[in-house]
Structures are given as structure tokens and as C-alpha cells.
Amino acid sequence: MPAEPLSQKEIEDRLRELPGWSQEGDRIARTYRLGNHFAATALVVHVAQIQEELNHHSDLTLGYNTVNLTVNTHDAGGAITVHDFALAQRVEAVAPSHGAS
């Protein structure tokens, strides 16, 4: 059963718990800055592993020393759901180990 879209208030409340994340239209997003390209690439691989574990995937963009994530829930018609925040929280937990800020 697909997750229900969150209300705007629920999205805003959850974003307050995730510094650095913001709402961009129908997605939540964050850009991480890292020390170099290798660290950024390692973070992308780690995020991909988390996404597979959760069976929930974001759009990832790898730059020289940046990683950008944008996520929404396709099964909910492209809305923001609890699944998006679960992914964001998992990424937040591992990003510091890669030197991300």
C-alpha cells in the first residue's frame, strides 16, 4: 500500500528536524559539500546502498565535491511522504562519516 502524501504542515515540521534539507516544489532536497571528488563519490555509493535497503530512490547528482539529492514518492503520485523523510534521515546519519557538510 503506497504511503499517503504529507500535509504542508507535516512537511514543514519534519524539515525542521533535518537542517540543510528544504522543500523544492514537490520534493525535499539537500546539497552536501565534501572535501574532494573521491569523498563525494563514496557518499553517492553509500546513499545508493541505503536506497536499495529502503527500496526508495532519490535523484542523485554528483559534482566535483558536491552531492545533491532530491526525493519524492513516485507511488504517491510524486508527493512527499514519510518514505522521503526516512531516506533523508538515513542519509543524514551517514553523511558526516564522509566529511559532508
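Reader: How many helices and strands does the secondary structure of the chain come to?

Author: The model is a predicted one. Along the sequence, its elements follow the pattern α-β-β-α-β-β-α. Taken together, the secondary structure comes to three helices and four strands.

Reader: What is the radius of gyration of the chain, and what does the globule rule give for 101 residues?

Author: Along the principal axes, the C-alpha atoms fill a box of roughly 40 × 25 × 20 Å. The chain is as compact as a globular protein of its length, because its radius of gyration is close to the value of the globule rule. The radius of gyration is 13 Å, and the rule gives 13 Å.

Reader: What percentage of the residues of the chain count as buried?

Author: A residue is buried when its relative accessible area is under 20%. The chain exposes about 5600 Å², of which carbon and sulfur atoms supply 52%. Of the 101 residues, the buried part is 42%.

Reader: How many salt bridges does a search of the whole structure find?

Author: Side chains of opposite charge can pair when their charged atoms come close. The chain has 7 positive and 13 negative side chains, with the centres of the two sets 7 Å apart. In the whole structure, the number of salt bridges found is five.

Reader: In which helices do Arg90 and Glu53 lie?

Author: The side chains of Arg90 and Glu53 meet in a salt bridge of 2.5 Å, N to O. The pair ties together parts that are 37 residues apart in sequence, because Arg90 lies in helix α3 (residues 82-94) and Glu53 in helix α2 (residues 37-54). Arg90 is partly exposed at 32%, and Glu53 is partly exposed at 48%. The helices asked for are thus α3 for Arg90 and α2 for Glu53.

Notes:
Residues numbered from 1 in each chain as written. Predicted model: local features only at pLDDT ≥ 70, side-chain atom pairs only at ≥ 80, totals over all residues. Heavy atoms only, no water. Helix = DSSP H or I, 4+ residues; strand = E, 2+ residues; numbered from the N terminus. Rg over C-alpha atoms; globule rule 2.2 N^0.38 Å. Buried < 20%, exposed > 50% of the residue type's maximum accessible area, 1.4 Å probe, protein only. Areas by Shrake-Rupley, 256 points an atom, 1.4 Å probe, with all protein chains shown as cover. Lys, Arg positive; Asp, Glu negative; His and termini not counted. Charge placed at Lys NZ, Arg CZ, Asp CG, Glu CD. Salt bridge = Lys/Arg side-chain N within 4 Å of Asp/Glu carboxyl O.
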